Amino acid sequence: MKTLTPKTCVVVNVSVVVFLAFYFFLLPGVRLLIDLQDPGLRSNDIPHFAWRWHRDLTPRYERWARQRLAAGPAPGLDDLGVAGTEWPVFGSVFYLWATDDLQQAYEQDPSQARIPPKDYACGAIRAATALAVDPGQATWVKEYWGQHYLEEDNLFYRMLLISAMTCYERLIGDGQYLEPLRQHAESLAQDLDASPHGLLEDYPGYSYPVDIVAAIAAIRKADTVLGTDHRDFVQRALRGFQDTRLHKDTQLPGYLADKFTGEATDVARGIGLSFMLAWAADLWPATASQWYDRYERHYWQEDAWFAGFREFSHDIEVPWFQFNDPDAGPVFKGYGTAACAFGIPAARSLARHDHLLKLGSQALVATWPLPDGTLLGPRLLSDPHEAPYLGEVTTLFAFTHRAQTPFPVTPPRGLPASVILGVTLYVLAGLTLLLSARHQWRYWCKRSQSCKVPLVNFQILLWGLLMITALFTGLLIRPMWGMVFLLSAQMFPRFQHSMRQNVSAAR
């Protein structure tokens with residue numbers, strides 16, 4: 001420690017605070033001010049920042065997917081639950097959906113990117129698809145459905161398989177998955193057709209209509225690479241969302257339904273309706289438009305500060321804050337986190353640009369975009385070990401998905417006050433840290449000659465240990481823990497006033 005002095009510690013501490021101010025607050029604040037002007041927040045165009053997000057995320061997602069595959073079969077349900085089972089596969093399909101949407105946009109207008117997404121993301125596409133279709137990642141559905149898990153019900157997982165293979169063939173197109181894709185698409189369409197009410201179960205006893213809509217859309221999209229035509233099937237499949245499948249109070253599809261009786265067994269919920277509408281716009285345009293109107297009437301909530309979709313209708317009282325399940329996310333003042341996030345592609349699909357601007361701008365501020373391309377907000381909501389990029393790929397999907405069916409445009413208007421407040425807080429937090437660093441340096445310059453550092457060697461040793469721990473913990477374990485140690489190091493060295501100064505102060 002002879003090479004370290006109290007002044008060295010102070011210089012490093014001040015430098016760290018300045019770095020944190022710019023990296024975590026000032027630069028993200030500037031980035032948000034630019035991105036909030038993006039035309040894609042006010043139209044059906046994919047925002048420019050979504051292209052940037054995809055380029056930044058792609059190499060990271062490829063590394064993670066390959067590591068996940070190399071780790072072997074996923075653990076069972078008792079070990080990790082939804083985060084360790086569904087999320088890695090679901091996240092990979094989200095990434096593939098977003099990549100496919102970007103590639104389609106590139107083919108319509110090549111000026112939007114220097115390199116086609118399918119080219120620079122080729123390795124990630126292969127890794128994400130391999131992860132999604134790997135039987136070793138299907139531990140949770142095998143525990144539910146046994147070895148015949150691909151032959152009956154199990155709709156959610158079969159939808160994921162069809163979606164992953166379809167995206168792969170649309171992007172890579174080497175025919176590797178054509179035959180299994182044909183088998184899965186045809187068998188799932190037949191099972192839905194043969195069911196009494198157009199419903200199948202995701203898990204034994206649980207049928208989620210939202211996943212059935214996504215499955216129907218997946219089968220229809222598979223037609224683009226298989227050369228098949230499921231248009232008649234799609235029209236027949238609408239029966240799964242009529243009559244008693246609609247909740248009686250809102251006339252919207254219930255979150256749960258009984259496949260044997262064909263009755264909704266749960267109220268309609270925001271997470272299901274938002275995600276469902278994103279796909280329904282191309283399947284049944286007229287019906288989707290009716291659903292969106294009812295959704296807005298019963299679930300849209302707006303005040304001076306916030307705007308978005310509720311998780312439950314206005315008729316249902318909810319606490320100020322609640323957490324129902326990992327998929328829906330936290331519910332704050334009635335607003336559903338996932339309902340608002342998936343409300344972005346729903347609003348984009350039905351040309352509700354008024355809702356798109358409000359939902360998109362709020363979501364954009366919440367992303368907390370770091371200079372290295374990390375979206376810190378979504379990253380913090382993800383499982384750091386099992387699905388670290390789920391939040392980011394979900395956000396990417398929200399800003400890239402769009403329907404092909406034209407709808408009358410509702411023009412955008414106004415930003416919620418929370419957007420302005422959010423950007424202001426980024427800037428104020430950064431300036432506060434800069435003032436703190438300035439104060440710390442000036443204090444050292446004034447007091448270094450008249451104050452002493454008690455137990456100087458011990459304090460320097462402790463400071464060094466905290467800095468080293470912060471480095472290794474942040475890089476090898478979890479960045480947030482590393483930040484805790486880094487901030488703890490800011491408390492050292494501590495100064496002690498001399499006796500002469502104390503006497504002068506007393507006088």
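Let's begin with the open sheet: how many strands form it, and in what order?

A: Keep in mind that this is a predicted model. The open sheet is formed by 3 strands, in the order β3-β4-β5, and the pairing is antiparallel. The strands β3 (321–323) and β5 (335–336) are at the edges with a single partner strand each, so one side of each has no neighbour in the sheet. Zooming in on one pairing, β3 and strand β4 (residues 330–332) run antiparallel and are joined by 3 bridges. Within that pairing, Gln322 sits opposite Val331 in β4.

From the sheet, let's move to a loop residue. Thr250 is in the loop between α10 (231–237) and α11 (270–283). Is Thr250 buried or exposed? Its relative accessibility is 4%, so Thr250 counts as buried, the cut-off for buried being under 20%. If you skip neighbours within four places in sequence, Thr250 is in contact with Ala268, Arg294, His298, Tyr299 and Ser313. For a sense of distance, the C-alpha atoms of Thr250 and Leu421 are separated by 34 Å, and these two residues are 171 apart along the chain.

Another loop threonine is worth a stop. Thr374 is placed in the loop between α14 (353–366) and α15 (376–380). With a relative accessible area of 7%, Thr374 is buried too. The side chain of Thr374 makes a polar contact of 3.0 Å with the side chain of Arg60. Arg60 also turns up among the contacts of Thr374, along with Trp368, Pro369, Arg379 and Glu392, once neighbours within four places in sequence are left aside.

Two of those contacts lead us onward. Take Glu392 to begin with: it is one of the buried residues of α16. Helix α16 (residues 390–400) is mostly covered, with 11 of its 11 residues buried. Glu392 is also in the lining of the largest cavity, together with Trp53, Leu57, Gly373, Leu375 and Leu396. The elements giving two or more residues to that lining are α2 and α16. About 50 Å³ of space lies in this cavity, and a search of the whole structure finds 3 cavities of 30 Å³ or more.

Now for Arg379, the other contact to follow. Arg379 is among the residues nearest the centre of the second largest pocket, as are Gly474, Arg478, Pro479 and Met480. In total, 44 residues line this pocket, and about 1,500 Å³ of space lies in it. The elements that give the lining two or more residues are α1 (6–35), α2 (48–70), α15, α18 (456–476) and α19 (479–489).

Last, the nonpolar packing. The largest nonpolar core has 129 residues, and Trp97, Ile216 and Trp284 touch the most other members. Which residues does Ile216 touch, not counting residues up to four places away in sequence? The answer is Leu192, Phe233, Val234, Ala237, Phe241, Leu283 and Trp284. Another core, of 15 residues, lies apart from the largest one; its members include Cys9, Tyr23, Trp463 and Ala489.

Methods:
Residues are numbered from 1 along each chain as its sequence is written. This is a predicted model: local features need pLDDT of at least 70, side-chain atom pairs count only at pLDDT 80 or more; totals for chains, interfaces and linings use all residues. Side-chain values use heavy atoms; hydrogens and water are left out. Two strands pair if DSSP finds at least two bridges between them. Helices (H or I, at least four residues) and strands (E, at least two) are DSSP runs, numbered from the N terminus. Buried means under 20% relative accessible area, exposed over 50%, partly exposed in between (1.4 Å probe, protein chains only). Contact means heavy atoms within 4.5 Å. A polar contact is a pair of N or O atoms within 3.5 Å; within protein, one must be able to donate a hydrogen and the other to accept it, and residues adjacent in sequence count only if both atoms are side-chain atoms. A nonpolar core is a set of buried Ala, Val, Leu, Ile, Met, Phe, Trp, Tyr and Cys residues joined through side-chain atoms within 4.5 Å. On a 1 Å grid over the protein atoms alone, a cavity is a set of points where a 1.4 Å probe fits but cannot get out, and a pocket is an open set with protein on both sides within 12 Å along at least five of seven lines; lining residues have an atom within 4 Å of a point. Grid points are joined across faces, edges and corners, and a volume is the space filled by probe spheres set on the points.
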